[in-house]
Amino acid sequence: MNKILLLLAHPAFGRSVANTALYSAVEGMEGVTCRDLYDLSPDFFIDVKKEQELLLAHDIIIQQYPLYWYSTPSLLKEWTDLVFEHGWAYGHDGHALRGKYFMQAITTGSEAESYTLGGQSSMPLVSYLAPQRATARLCGMHWLPPFVDAGVHYESRAVLAREGQRYRRLLEALQQCSQLLQLAEKYQIADGPVPEANALDRDLLKGELNG
Amino acid sequence: MDNFLLQLLLFCTAAIIAVPLARKCGLSSVLGYLLAGVVIGPFGLSLMGDVESVMHFTEFGVVMMLFLIGLELKPSLLWRMRTPILGMGGMQVVGTALVIGLIGWFFVPWQTALVVGLTVSLSSTAIVLQTMREKGTMETSSGRAVFSILLFQDLAVIPILSILPLLALSSVPGRFSSGEAALLDISSLPTMWRVVATLGAIGSISVIGKYLARPIFRIIAATRVREIFIAVALAMVVGISLLMMVVGLSPALGAFLAGLVLADNEYRYELESDIDPFKGLLLGVFFISVGASLDFLFIGHHLLLIAALVVGLLLVKGLILYGVGFLFHTPREVRSYLAAALCQGGEFAFVLFEFSRSNGVLTDKVITPCISAVIISMFLAPLFFMLQERLTGRSGNEEQQREADAIKERGARVILSGFGKVGADVGRFLLSTGIRPVIVEPDAGHVATLRRFGFEVYYGDVGRLELLEAAGAAEAELLVVTDRDPEKARALIALAREHFPQLKIAASASDRSAVYDMMDIGVSALRRETFGGAVELGREVLVRLGFRRYEAYCLTRLFRHQAEAFLPKLYHAHRGQSTAEYQLLYRRHTSRIAALLQARGENNVGQNEKAWAASRGED
């Protein structure tokens with residue numbers, strides 16, 4: 001069973017309906033370590049050693065956050081800056097993360113359609129994850145396409161709950177999957193178009209429950 | 001009693017008039033004292049009583065000075081100086097004695113010439129060190145060389161005293177005694193026991209200084225009666241001097257040793273500032289009495305002889321000092337500094353000439369002109385310092401700047417006043433960041449506790465100028481004022497500003513009105529000591545009430561910034577407007593902050609987290 005480290009970054013988590021729905025759906029799952037970063041480092045102090053030990057102890061790293069200005073909340077950037085140290089995560093002797101899987105779970109306020117050519121945001125959603133893909137590559141990790149719950153401003157409670165279930169099932173599938181490597185190879189950085197959001201649904205959940 | 005008070009008034013008045021005058025003319029204070037002595041002496045206004053006994057008593061200032069020098073010197077530094085002390089010092093004393101002895105041989109028997117040579121080879125520790133301290137050249141390489149030689153001269157007094165009787169021409173029933181061993185005379189003991197007693201005395205100074213001094217100071221300091229602490233300091237120096245006299249050693253040397261042993265004691269600064277005024281006064285009166293003892297009548301009658309003696313003394317000593325400097329490969333300016341600083345005769349000459357007279361080694365015919373020459377040479381000493389500065393165009397101070405890197409390493413950048421509830425945490429924080437402040441704490445009991453916890457804390461009150469200076473205020477960048485009542489804090493800041501304008505100030509204030517008081521005198525690096533802790537506690541309360549940690553953090557941050565931003569307005573209202581108006585403004589400020597922190601927009605979203613909880617409408 002693959003061990004999952006889930007890092008939640010939401011500065012106003014208490015007021016977030018969508019992220020609460022996702023997080024509460026997977027919190028307490030066996031083999032999933034959930035960490036609420038804004039609660040653990042409210043003053044942006046990050047215990048780098050501890051974070052690194054946790055990373056070493058897991059196979060799949062999932063960063064869950066709302067997409068702010070096409071990027072991560074600031075604490076998650078700080079977390080990455082500090083924890084992915086030179087000589088540890090990358091660089092000549094930096095191999096600690098090699099072979100791990102790296103994935104994002106994102107909520108967006110606007111609907112999925114806005115992330116298309118001609119839409120409000122004009123580019124496919126996954127293209128905004130270029131930093132995360134490049135980070136994975138530099139650290140020798142295998143990047144997986146994101147779980148996305150788009151348009152959360154318009155979703156009803158029932159829809160949000162369904163998204164939570166989809167999220168949980170995806171995590172279970174990731175835990176059980178014995179061929180993650182082949183899966184990841186499909187999504188290596190190449191010349192072609194960026195992968196679709198929720199591409200893993202097709203691969204792992206056979207297309208069912210595509211939100 | 002009346003007479004004593006009258007004399008005291010006389011000395012003080014003479015000093016008060018002469019010293020500022022001398023300083024005004026760019027002369028050293030030593031010269032001022034000497035001139036004051038001439039004015040009030042038998043050939044001036046003839047106001048002074050028994051010059052000789054005054055001089056004898058005030059010689060004790062030299063002992064105190066060496067004690068202070070010992071305090072400032074680390075034993076390791078002294079050990080590194082062993083070559084200049086023995087080599088340069090030894091060569092200077094022996095060389096001077098031999099050359100003057102040879103020259104003198106033309107006029108008097110060789111024994112007499114040699115005794116005079118030995119006697120005048122010693123320079124004036126009092127004048128030279130006082131002048132160097134005033135000019136700030138003690139820490140320079142020139143200053144160290146001069147100090148090494150002076151130290152050797154102090155050591156040399158002991159063997160010289162024992163050689164002199166052997167050079168007596170006529171045997172006088174005088175026995176070995178400096179006439180000072182008043183309490184106990186160990187000279188009647190067999191040699192072996194004398195050695196044992198001497199070593200025992202030195203040993204006991206080291207043991208007491210190392211192991212007993214600290215607990216004693218601690219107990220005394222805990223009484224918080226300042227004069228008792230001063231009394232202990234004085235008693236210690238006097239006691240050591242007496243002990244040294246009993247075993248026949250130089251008291252100055254003993255005091256120097258004691259100072260050395262106490263150099264790493266935490267009460268060092270306090271000792272220094274307690275002894276320093278006594279030393280200054282005693283030396284001042286000593287210089288006055290030297291000035292007063294110039295016998296103008298005798299000099300007038302033997303003008304040529306005296307002039308020849310003075311010129312000969314200065315020339316021979318100066319040349320030999322320059323030569324010693326040359327042989328030890330010192331830089332040119334150090335050689336000329338040595339020659340200028342040490343070419344005079346010294347106060348030891350009075351003792352040695354007196355001793356020679358009583359032992360029949362020299363006659364008055366020799367002694368009287370020689371003493372006059374020594375006094376005149378001492379008179380000229382401060383002038384030679386000036387002359388050397390003029391000629392080399394380089395004062396010792398410039399040299400000190402060149403060496404300042406090394407000193408700066410030792411000198412702390414921060415002086416932390418108070419290591420109490422606020423100071424302790426400021427200090428621990430600074431130490432953790434690698435900044436080592438000089439920590440001075442006025443509560444002795446607290447100091448003792450802190451030392452047990454491994455903090456290097458000095459006992460004392462930097463509200464006193466001497467101690468502020470001793471803590472290194474002249475070189476430090478910043479003074480941190482903590483744990484003081486507002487009035488004392490303001491006095492300290494004013495003192496520091498006046499004397500050390502380069503010193504930046506950071507202060508904690510106990511309450512709001514203390515904050516305003518500090519703002520009155522323009523302190524800007526200012527924190528109310530309870531504010532930070534209180535706000536942090538408030539944050540804990542919010543978290544315990546179920547607020548998310550990050551939200552609680554943002555609220556305290558907002559509160560803190562609002563309070564800081566509004567402080568100038570409150571301050572101006574407090575100072576410029578009526579109490580009622582101030583209270584009104586304060587209330588407005590309070591409700592403004594409350595409104596800001598509780599602001600809830602759409603969906604009950606707080607002002608501080610509007611950005612994080614964008615809703616449909618704001619998308």
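User: Is the crossing of α7(B) past α17(B) left-handed or right-handed?

Analyst: Right-handed: that is how α7(B) passes α17(B). The term applies when the near helix is turned clockwise from the far one by less than a right angle, left-handed when anticlockwise. One caveat: this is a predicted model, where local features need pLDDT of at least 70, side-chain atom pairs count only at 80 or more, and totals for chains, interfaces and linings use all residues. Residues are numbered from 1 along each chain as its sequence is written, with chains lettered from A and ligands numbered from 1 in the order in which they are written.

User: What makes α7(B) roughly antiparallel to α17(B)?

Analyst: The axes of helix α7 (residues 110–121) and helix α17 (residues 348–358) of chain B cross at roughly 155° and come within 8 Å. Angles over 145 degrees count as roughly antiparallel (under 35 roughly parallel, 65 to 115 roughly perpendicular, the rest oblique), so α7(B) gets that label against α17(B).

User: Which residues of α7(B) make the contact?

Analyst: B:V115, B:T119 and B:V120, against B:A349, B:L352, B:F353 and B:S356 of α17(B). Contact here means C-beta atoms, placed from the backbone, within 7 Å. By class that's 5 nonpolar, 2 polar and no charged.

User: Over in chain A, why is A:Q63 called buried?

Analyst: A:Q63 has 21 C-beta neighbours inside 10 Å. Buried takes 20 or more within 10 Å (exposed is 12 or fewer, partly exposed in between), so A:Q63 counts as buried. A:Q63 sits in strand β3 (residues 60–66) and touches A:L7, A:A9, A:L76 and A:Q104, leaving out residues up to four places away in sequence.

Key: Helices (H or I, at least four residues) and strands (E, at least two) are DSSP runs, numbered from the N terminus. Two residues are in contact if their C-beta atoms, placed from the backbone, lie within 7 Å. Axes are lines fitted to C-alpha atoms, for helices over the stretch in contact, and angles run from 0 to 180 degrees between N-to-C directions. Ala, Val, Leu, Ile, Met, Phe, Trp, Tyr, Cys and Pro count as nonpolar, Asp, Glu, Lys and Arg as charged, and the others, Gly among them, as polar.
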